[in-house]
Each structure stands twice: as structure tokens, then as C-alpha cells.
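Subject: Structure handover

Hello,

Please find the structure below, with the sequence alongside. My notes on what was found follow.

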Amino acid sequence: MTNGWVDIKNTDMMLIMGGNPAENHPCGFKWAMEAKRNRNAKLISVDPRFTRTSATADLFLQIRAGTDIAFLGGLIRYAIENNRIAKEYLVNYTNAAFIVKEGFKLPEDGLYSGFDSSSSSYDKSTWNYQEGGDFSGQPHAAAPPAHAAPADAAHPATPAPPPLLPPNVAYDLTLQHPRCVFQLMRQQYSRYTPELVERITGIPKEQYIKAIDLFTSIRKDGDMKKAGTIIYAVGWTQHTFGTQIIRTAAMIQLLLGNVGRAGGGVNALRGHSNIQGATDMGGLADGMPGYLKVPTPADTDLAAYLKRTTPTASKPVPWDSFNYYSNTPKFMVSLLKALYGDAATKENGFAYDYFPKVDRDYSWTHIWDDMYNGKVKGMMAFGMNGVMIGPDTNKNINALKKADWLVVGEIYPDETSEFWKAPGITADEQKTINTTVYRLPCAGFAEKDGSMTNSARWVTWKYAAVPPPGQARLDQDILAQIFLRVRDLYKKEGGKFPDPILNASWAYADAEHPSLSQVAMELNGRTLADQKDDTTGQVVLKAGQQLPGFAALKDDGTTVCGNWIYSGMWTEAGPQCQRRGTEDPSGLGVFPNWSWSWPANRRILYNRASCNPDGKPWDPERKQVWWNEAAGKWAGADVPDFKPDSHPKDHMGPFIMNPEGVGRLFAPIGVLADGPFPEHYEPFESPTKNLLHPDQSTNPLVKAFKTPYDKLGTPEEYSIVCTTYRLTEHYHYWTKNNPMNVQLIPEPFVEIPVELAEEKGIRGTDMIKVISARGTYIAKAFVTKRLKPMMIDGKKVYQIGLPIHQGFRGIPEDEGRDARTPANLLTPAVVDPNAHTPESKGFLVKVEKA
Amino acid sequence: MSQASAEIIRISGHAGSVPGSGMNREFQVCKLIDTTTCIGCKACEVACLEWNGYTFTETSFDNSYQTMPDTTWNYWNLIRFNEYEHPDHGLMLLMRKDQCMHCEEPGCLEACPADGAIVQYANGIIDFQQEHCIGCGYCMTGCPFNIPKFSPTARKVFKCTLCNDRVSVGLEPACIKACPTGCLHFGTKPEMKELAETRATQLRDVSGFSNAGVYDPSGVSGTHVIYVLHDATRTEAYGGLPANPRIPWTVQLWKKPLRWLGNFAMIAGVFGVFIHYLRFGPKIIEGDDGKLTPTPRPSEEPRLGGKA
């Protein structure tokens with residue numbers, strides 16, 4: 001979230017799309033209700049089904065799964081055409097005025113400039129800003145339109161080294177230049193008319209206009225007082241264009257001037273208590289702690305890595321850009337010091353060579369594909385149920401059959417540790433499966449301490465309520481055992497490259513049982529030498545002291561920090577993440593003394609943008625930060641997300657993490673794989689061709705896997721759109737082990753429209769089969785009015801949905817129920833080219849009576 | 001069945017004065033359920049079970065999110081779901097938390113013949129005292145909301161206590177504590193009424209629900225559980241919430257005119273017998289020997305029904 005849970009209470013308008021917070025985030029949803037009750041805020045719910053969120057909404061629109069970019073693109077068009085945009089914000093805080101390089105082409109045919117069909121990738125050299133100065137008010141009649149491919153667009157056969165952003169960006173503050181970002185964006189979304197949106201999404205035009213008119217009404221005539229928020233969850237990420245859906249939302253919020261403001265922002269609702277923490281710690285294959293980029297084999301030494309990953313400012317000359325990522329060397333060197341301790345020296349590039357280099361895609365679906373293809377021989381599964389998570393559960397089960405070993409750390413026996421008992425595997429076949437499964441009893445959430453980072457980036461310490469029962473052990477104890485024994489083996493037997501293991505820092509008081517407090521202190525970081533103030537020369541930090549925050553990090557090896565964004569969570573003043581202060585002086589729900597929020601205890605990111613260019617809040621009633629002329633500093637109820645002494649006259653951009661200093665309506669080179677502006681593509685399994693460009697229906701960058709399980713269905717055979725979701729009564733695949741939850745929703749079901757049920761002669765509670773090209777799911781029919789047939793380009797299309805919770809392993813109260821097939825038997829392993837998230841929302845099936 | 005120490009003001013089937021009444025004037029409590037902000041999460045259902053010590057119930061899927069068709073003797077709190085096509089607002093998913101309404105004029109208490117089995121506390125809570133319950137089930141017919149439920153094993157009747165054990169020590173009911181969205185509120189009746197009316201006004205003026213209103217039915221002189229409804233003219237759509245609940249006429253008839261009539265008939269009968277005695281003297285029965293002998297006086301009769 002750019003903002004936070006509590007901040008939702010400050011909003012005037014909510015667009016909830018790709019998420020169902022009433023059911024999946026019920027405790028956080030109270031703030032949405034507060035906004036409705038206390039501010040008369042409006043709530044628009046857009047979802048493939050009428051959910052319990054929709055039940056509380058002012059407006060509900062049923063959308064065809066996977067057509068969100070069409071919906072949002074049409075919203076951009078409407079906002080621009082009706083002057084419901086934040087003009088001053090747009091010009092000063094976004095790259096709307098930046099001029100894009102000649103040769104850049106919009107995807108009228110579904111492809112941006114630079115596409116290479118042989119490698120299915122883009123040469124992004126034209127996705128860049130033009131170098132130069134101020135074009136404001138200058139004639140530009142001769143500029144070629146961006147729809148036509150320029151004659152010199154032919155790209156070289158061998159890709160040139162990745163181009164850099166120009167330091168001196170050409171711009172037109174009047175936003176009139178035909179190749180300025182604003183005009184290109186207008187041109188891009190001028191195609192997304194309400195009529196086209198209706199044909200693609202299935203939302204009747206009148207309803208659609210009502211919704212986008214309501215959402216953009218907060219910026220009527222450009223008035224900046226009100227704020228609107230966009231709230232989403234995995235309903236937006238699980239698509240082959242998921243990242244681009246979220247980009248479209250970000251663009252809308254920039255266009256309407258909602259980013260950085262109380263009650264605004266782009267707010268991702270995370271589905272677990274600590275999934276944000278997992279991402280922050282580098283839980284993804286292409287990231288490291290604190291979102292540092294992962295080294296690749298091309299980064300041959302630390303200098304090369306830092307050169308590639310440390311951006312330089314790129315902006316109009318008169319403007320200023322903080323470009324905070326220019327500090328990347330400090331973050332990286334301090335991380336290497338945390339990983340390798342004394343073995344990381346200036347001379348050996350801080351042991352950069354020890355760090356693994358990522359040579360290809362190691363994301364979730366690739367792990368399974370590699371296991372299926374015999375490249376991955378074993379798996380350690382802690383705190384996740386891979387068989388149930390899918391996608392394409394059959395493929396994952398068949399991959400596990402080929403593995404040599406599997407270690408599962410869990411509190412219950414789960415479908416992954418018992419994959420060989422999956423429905424359809426006979427007793428004879430079970431005998432042929434030779435995977436050795438080790439099941440380790442782990443501690444449950446109430447049995448361990450540690451920090452949890454919520455969607456709002458609040459790092460909150462929790463305490464163990466009870467010790468783990470029986471032989472169950474804490475995760476860190478299990479991992480410590482594995483590490484120490486592997487290290488012993490390297491010590492005794494040597495190996496190809498034992499140094500990274502032998503020299504890994506393991507400076508915990510009890511090596512066998514590392515305390516998570518010590519791990520947290522390591523994440524925060526400490527200084528190894530006395531640190532002096534640059535101007536006064538006074539010692540401000542003594543050797544061995546905890547760092548006060550990431551501003552104290554050094555790139556000379558004198559600071560240690562496990563995760564730069566967490567620096568500040570456990571300082572010399574104590575564990576900030578354990579604070580429980582309930583004071584909220586501003587009344588905006590900032591709660592500055594409750595736990596600790598990364599970065600720097602800031603509750604709303606980019607909050608400089610809550611003020612106009614002169615440093616005065618857009619809405620005097622929701623004052624977050626402001627420029628204090630007398631003190632010559634930024635002050636506020638929240639921690640200013642800005643250079644504290646940058647005078648508004650300096651025109652420093654509020655988006656300090658971007659080298660441009662401004663928000664990106666246009667995402668230049670190197671940001672996204674599949675285009676600088678989002679474009680509507682159809683899901684890989686779709687009932688229709690792409691109405692914008694039938695010859696390029698799907699995302700051109702998506703590469704399909706090639707195992708026999710990677711099958712896709714055709715709309716001729718599988719005509720029904722299906723989506724998956726969670727219910728409020730259950731938590732993923734765990735609570736089917738809890739009788740209290742089992743009684744609330746005792747059995748799996750499939751929600752189908754009344755009309756489809758009538759057509760097929762299905763009555764509620766009848767057993768039905770849902771069949772995709774990959775598998776069959778069996779459950780009872782839930783015949784409902786909450787899913788209606790849709791008209792997609794003049795053709796009637798049904799949409800159905802099913803919860804993901806039930807599987808083939810649960811408690812006695814759960815047994816004896818029919819059909820226990822995992823929902824992800826149905827879903828395809830096709831993934832987003834940026835985030836590598838599979839397309840679980842929006843695939844094709846057929847329905848039969850069982 | 002609570003061990004609470006709150007003040008009792010009425011006792012079922014109990015003659016004479018109520019011990020301790022008038023000693024301590026507690027405020028009247030009230031639970032407000034704003035159905036317009038209910039998300040049907042069922043946290044209240046589970047909190048109710050856990051606080052009251054009830055465990056797993058076998059349920060089955062019934063083409064609804066609703067946990068079970070009706071409340072049971074050990075499942076007092078149930079959210080009723082209804083997919084409702086409203087003529088003005090289109091499809092609505094109505095969710096109403098159903099439980100005892102704690103009526104000001106409680107039909108259960110009126111109908112109950114067992115001394116002390118049902119009490120009404122000064123704060124408005126209607127509480128069943130199972131140790132005095134005779135399991136006759138009259139309360140079930142007396143309730144216009146179909147709330148009291150008979151336990152075949154205990155052979156007694158149970159229902160929501162409004163967490164009287166919590167309320168009497170200054171805590172809110174368990175359901176209120178668990179509610180994540182603030183759809184449930186607890187306080188004094190005047191406070192809750194005001195909050196409810198404010199919300200209903202907001203729904204009418206801002207949200208376009210022109211028939212929004214507060215459900216606090218006068219037929220039972222108001223309830224200590226009140227609802228805010230999107231459309232107060234369609235109460236039945238909310239899982240069968242009666243539009244105008246009243247204590248059934250059979251109970252009214254039986255407990256008021258009929259009881260009075262019965263008492264009168266009994267007293268009149270005794271009086272008649274006495275007059276008869278005065279007027280005609282003792283009844284003379286002819287013996288087998290033809291002699292007349294007087295009937296024995298009651299004090300001499302060995303046992304009731306001892307004679308043929």
C-alpha cells in the first residue's frame with residue numbers, strides 16, 4: 001500500500017477492484033465502512049461476481065474476468081475528456097510533460113515499437129525520453145504521429161547495451177507537444193471508448209459511464225480538495241498482464257492527483273499477515289532484501305553491479321531530483337557486510353563474488369517446470385502448500401513424483417506432504433512413487449515471536465503465546481540445524497566453492513537457536529566504526545551502536561544492515577517495532593508511535609505530493625506534511641517523504657525513488673517488459689479475440705511452458721469463463737483443519753448463474769464437474785443470482801467462480817464429504833512477464849452434471 | 001442460564017413481589033445491528049459459540065453462505081443471507097444477524113408457566129434460567145421471532161443471553177467484541193436509538209435508500225436488539241424478520257383473559273361450594289345398610305383420590 005489500512009477512513013471515494021476486502025480482509029475493511037459512515041464516502045465494487053464487498057457498495061459492476069485494463073483505460077479517457085484531472089499535479093509531479101523519443105510507437109496493432117518476434121521480446125531503446133530542453137509553447141506541427149511506425153524503426157539484430165535515461169529531459173509544460181507523455185497517453189486511451197469497453201468487459205455502457213463518472217467526480221473541474229483510493233488484491237495480479245493492470249491504476253491516481261494524499265493512493269491488500277514482510281526480505285527470485293536488484297552473471301564484479309543498478313537523475317534541467325536510489329552502493333555494501341561479516345572487505349569487493357548470480361527465471365512456475373523436467377531434484381516447503389497453490393496442480397503433483405526428496409515443515413499434514421495420495425493416484429501407482437518425504441513438525445503462529453509486516457508496511461512485533469507442542473520446533477531452529485550441518489560438511493569435506501558457506505555471518509548468541517530479536521537487530525543494522533557528522537566532525541554514532549535509520553548507511557564497509565528499508569526498526573532507543581503508543585495527534589490515523597513503518601516510520605508514501613508546488617496542503621483539513629518557511633524545513637503529522645530542507649522553489653520531484661523525481665505515467669526503458677503504457681490483452685484462455693487487435697490477442701511477451709500438462713483450451717470447447725477466490729470463512733488451505741471454520745462453510749462449491757443452471761438442468765447442491773483443458777474439479781453447485789450472464793461482443797458468455805480452500809487432506813470433521821479436488825487443477829501455468837504471477841483469475845472451463 | 005448479578009424486575013410464573021426490585025435502577029442496554037455495514041463474516045457466530053462454550057456442529061452446504069437453516073439450542077447467533085432483487089436497488093445480498101431480540105414485552109416470558117425459568121433484568125436482557133425450566137416449550141410458541149430452541153438432551157430450552165454474564169460485569173457481548181466492521185454497536189437504548197436514526201437518515205439522504213429505517217418494533221414495546229435496514233418497508237426480505245411482531249394471541253388469551261377467567265372460575269367454584277355447604281349442609285351418603293352417614297371432613301380424609 002502507498003497508504004495504510006487506517007488511512008482508508010480519510011477517503012471520499014473507493015474503487016475496489018481485483019479484491020474483495022469485506023471477505024478476505026474483514027478487519028481492515030472496517031476503515032472502508034468508517035469512511036462511508038463518517039465522510040459519506042462512496043464505494044464502487046467491480047468484480048466478476050457480486051461479493052460481500054459488493055453488498056456494501058454504492059455501485060456494483062460485474063466485469064468479465066481479465067478485462068480490467070479495458071475498464072481502467074476507459075476511465076483514463078473519460079477523466080481527460082471531461083477535465084477531471086489534477087492539472088497542476090500532473091505537470092509538476094508526473095512525467096506528463098516529458099517528451100518521448102522519436103520512433104516510439106503506440107500499440108495500435110498490439111505491439112509497441114521494438115518488438116522482435118523471434119525472441120518475443122522488445123528492444124526498448126525507443127521507450128525513452130527525448131534529450132533536450134524546454135519545448136513549452138513551441139510549434140511542433142512537423143512531429144510525426146506516434147501511431148505510425150517510423151521508417152527508421154528497424155532495430156539492430158544484436159541488441160545494443162541497455163540505453164540510459166537522458167539526464168536532460170525535453171519537456172513541454174503546456175502538455176501540447178504531440179510526443180509528450182500526456183498526449184501519447186491521451187492518444188493511447190482514446191481508443192477505449194465506452195462502447196468498446198462494453199463489448200470487451202460485458203458492462204453495459206450506461207452502468208460503466210455512471211461508475212467512471214462517480215469515481216472521477218472527486219476531481220470535478222480540477223478541484224483538488226477530495227481524495228479517492230484504489231484498492232486491489234490478487235484479483236489484479238493473477239493475470240498474464242497483472243503488473244500492467246496495477247500500472248493503469250497508478251496512472252489513474254497520478255492523473256487525478258491522488259497519490260501521496262490521505263485517503264488516496266494505490267493500495268494492495270496482502271493476503272497473509274506477513275506476506276509484505278516476505279516480499280521486503282527478497283522472497284521473490286528476482287529481488288534481494290529491500291528491493292535491491294539481484295546480481296546477474298553480466299555483473300562481473302561489485303563495481304559493474306553497482307553501475308548497472310544505481311540510477312542517475314533524469315529530469316528537466318530546471319527541476320531537482322533527489323534520486324534516492326543513488327544510495328544503492330550504501331545499501332548493497334551494508335547488506336554484503338551483514339551476509340559475510342569480516343570476510344567482506346573493501347579489497348574483495350565486500351565478498352560480492354560469494355553472492356549467487358541469477359542467470360534465468362527462478363520464479364514459482366519455473367521451479368515446478370524445472371522439477372518436472374528433472375532439473376530440480378528436491379524441495380523444502382515451509383509455510384506453503386505448493387500442491388494446492390498450483391497453478392496446474394496436476395503438473396505439480398507429477399513434478400513431485402519425479403523429485404528425489406521433499407521436506408515439508410508444517411503444523412498439519414497437508415496436500416503437498418501427501419501429494420502421492422491425491423485423487424486419481426491408485427494404490428499400485430503409489431508404490432511406484434519413490435520421492436522421499438520428510439515431514440517436520442513446525443511451530444504455529446501463536447508459538448513463535450518475531451515481526452510481521454502488514455499491507456500498510458507496519459512492522460509489528462508479536463510475542464509467542466505458548467511454546468510449540470511435542471517435538472515441534474521453531475522455523476529458525478530447523479534452518480539453523482540445516483545451515484550448521486551443511487557448514488560442518490563443507491569444513492570436513494570441502495567442495496567446489498565452500499567460501500560463501502564457511503564465511504557466512506552467523507553471529508547469534510545461540511548458534512543453534514538464533515533469537516529473532518537478534519535477527520531483527522541485524523536487519524536494522526549497526527555501525528562497525530565511530531561515525532562522525534560531516535559538518536561538525538562530532539562522533540554521532542559509536543562503534544557497535546544500532547543505526548538510527550538508513551540515512552546512516554555507508555558504502556565503505558563501516559556499517560552492517562540486513563535490509564536497508566528496515567533500518568530504524570530496532571535502534572539504540574530500542575525495538576521501535578514493539579511500540580504500542582495509541583496517540584494520533586492529527587486525527588488522520590497516522591499513529592506515529594504504534595509499531596514502526598518502513599521506510600523511516602513514514603505512514604503515507606510520496607506525501608510531499610499532498611501539498612501543492614508551494615508546499616501547502618491541497619486539502620487544509622487533511623494536513624499531512626507542509627513546508628515550514630520559518631524553520632526552512634518540511635514538517636508534518638507524518639514523516640515527510642522528501643529531502644527535509646528542499647525548498648519548494650527548488651522544484652524537487654515528490655517521487656524521490658524515481659530518477660525523474662516524478663510519477664511515471666509513461667514507464668521508460670527497463671521498468672516493464674511489456675510496454676510503457678498498459679494495453680488490454682485477453683487472458684490466454686478467453687471467449688473472444690482481442691477487439692482492439694484480433695491478430696495480437698494476448699500479451700506478446702508471455703512464453704508458454706511445454707510439458708504435456710501445459711495445455712490450453714479453446715473457446716469452442718470450453719466456453720465458460722471461470723475465476724477462483726477465497727471465502728471469509730476460511731484461510732487458504734489451513735482452516736479446513738479447524739472445526740469452527742469447517743462448520744461455517746463445510747463443503748466446496750461452485751457458484752454458477754441461475755440461467756446456466758437452468759440451461760444444464762442443474763439445481764442448487766447438485767454435484768457438478770468443472771472441466772478445463774488441464775483438470776476436473778468436482779463440487780456442489782451454488783446456483784446464484786450474484787453471477788449474471790454477460791454479453792461479450794454480442795455473444796452470451798457465462799462466468800462462474802469457485803473457492804480454493806478445500807483439498808484432499810483435512811480433519812475428521814472435514815472428511816466423508818464428497819469431491820476433494822484442488823481448485824488449481826483447473827488453472828493454467830501461464831505467467832505475467834514482469835511479476836511471473838500465474839493467470840488464476842480468468843480461464844476457460846465447461847460444466848457438466850457429475 | 002447465567003450466574004449474573006444484575007437486577008431482576010420480572011419473573012415468569014411467579015406470584016408476589018420480585019425480590020430486590022426497585023433497589024438499583026440500571027440503564028437499559030441495547031445492541032444495534034447495522035445491516036448496511038454487515039459483511040456476513042460470521043465472526044459473531046464463532047464468538048458466540050466460543051464464549052458460551054459450544055463446539056462443532058455438523059452442517060451441510062445448502063446453496064447459500066448461511067451456516068445452517070435456523071438457529072439451534074446451541075447455535076444462538078446466525079447470519080441470514082438473502083439474494084434479493086429490490087425493485088429500486090437491483091440485486092442486493094442482504095445479511096442479517098439473527099438472535100434473541102430481547103423484547104420489552106417478552107412473549108417467551110409471558111408464556112412461561114415455570115416459576116423463575118425466564119427473567120427480565122432491569123437493563124432489558126431476557127434470560128433463561130435453565131435450572132427452573134420445565135421443558136414445556138411454551139416460550140417457543142410465545143416468541144414472535146422463533147428464537148428459543150429445545151435441547152432434546154437437556155430437555156430444556158436455550159437462547160441468546162445477550163451475554164448477560166459479560167454485560168453485568170461491564171463488558172460488551174461477545175458478538176460485539178468480535179465484529180470487525182463496526183456493524184455491531186452496544187450501549188444504552190437511547191444512545192443506540194440515536195445512532196441508528198442518524199445512520200438511517202444518512203442512508204436516506206446520502207446513499208439513496210429512501211426507505212431506510214430503524215427496526216424497533218412497537219408490537220412488543222420495542223426490543224433491546226435493534227436493526228438499521230436499507231429498506232424498513234421490506235423487513236421480511238431480511239431472512240424473515242417479521243414486519244409487526246406481536247406476542248401470539250393464544251399466549252395473550254391464555255396468560256391474560258383466560259387466566260383471569262380461570263382464576264375467577266376456580267375462586268367462584270370454591271365460593272359456590274362454601275355457599276352450598278351453608279345452604280344445604282354436609283352431603284349425606286346412604287350406606288349399604290341404608291343409614292345416612294356424613295362425608296368425612298377434609299382433615300379426616302386419608303388421601304386424595306383414595307376413594308372410588
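How many residues of domain 1 of chain A are in contact with domain 2 of chain A? Before the answer, please note that this is a predicted model. The count is 28 residues of domain 1, which meet 36 residues of domain 2.

Domains of chain A

The domain assignment places domain 1 of chain A at residues 6-271 and domain 2 of chain A at residues 694-849. Between the C-alpha centres of these two domains the distance is 29 Å. On the side of domain 1 that touches domain 2, at least two residues each are supplied by α1 (21-24), α8 (234-237) and α9 (242-255) of chain A. Sorted by class, that side of domain 1 of chain A holds 15 polar, 7 nonpolar and 6 charged residues.

A helix of chain A

Helix α17 of chain A covers residues 475-493, which makes 19 residues. From its first C-alpha to its last, α17(A) reaches 27 Å, close to the 27 Å expected at 1.5 Å a residue. Just after α17(A) comes A:Gly494, with a positive phi of about 70°.

Where chain B touches chain A

Contacts between the chains involve 28 residues of chain B and 31 residues of chain A. On the chain B side, the elements giving two or more residues are α1 (43-52), β3 (78-86) and β4 (90-98) of chain B. Of these, β4(B) provides the largest share, with 4 residues. The side of chain B that touches chain A is made up of 12 nonpolar, 11 polar and 5 charged residues.

A sheet in chain B

Chain B also has an open sheet of 3 strands, in the order β1-β5-β6, with antiparallel pairing. Which strands stand at its edges? They are β1 (8-11) and β6 (126-128) of chain B. Each has a single partner strand, so one side of each is left without a neighbour in the sheet. From one strand to the next, the twist averages 30°.

The pairing of β1(B) with β5(B), residues 118-121, consists of 3 bridges, and the two strands run antiparallel. As for a residue pair, the bridge partner of B:Arg10 in β5(B) is B:Gln120.

When you open the model, the domain contact in chain A, with its 28 and 36 residues, and the chain B side facing chain A, with its 28 residues, are two places to begin.

Regards

Conventions: Residues numbered from 1 in each chain as written. Chains lettered and ligands numbered in written order. Predicted model: local features only at pLDDT ≥ 70, side-chain atom pairs only at ≥ 80, totals over all residues. Contact = placed C-beta atoms within 7 Å. Nonpolar A, V, L, I, M, F, W, Y, C, P; charged D, E, K, R; others polar. Pairing = 2+ DSSP bridges. Axes fitted to C-alpha atoms, helices over the stretch in contact; angles between N-to-C directions. Expected span 1.5 Å × (residues − 1). Domains from an automatic or database assignment.
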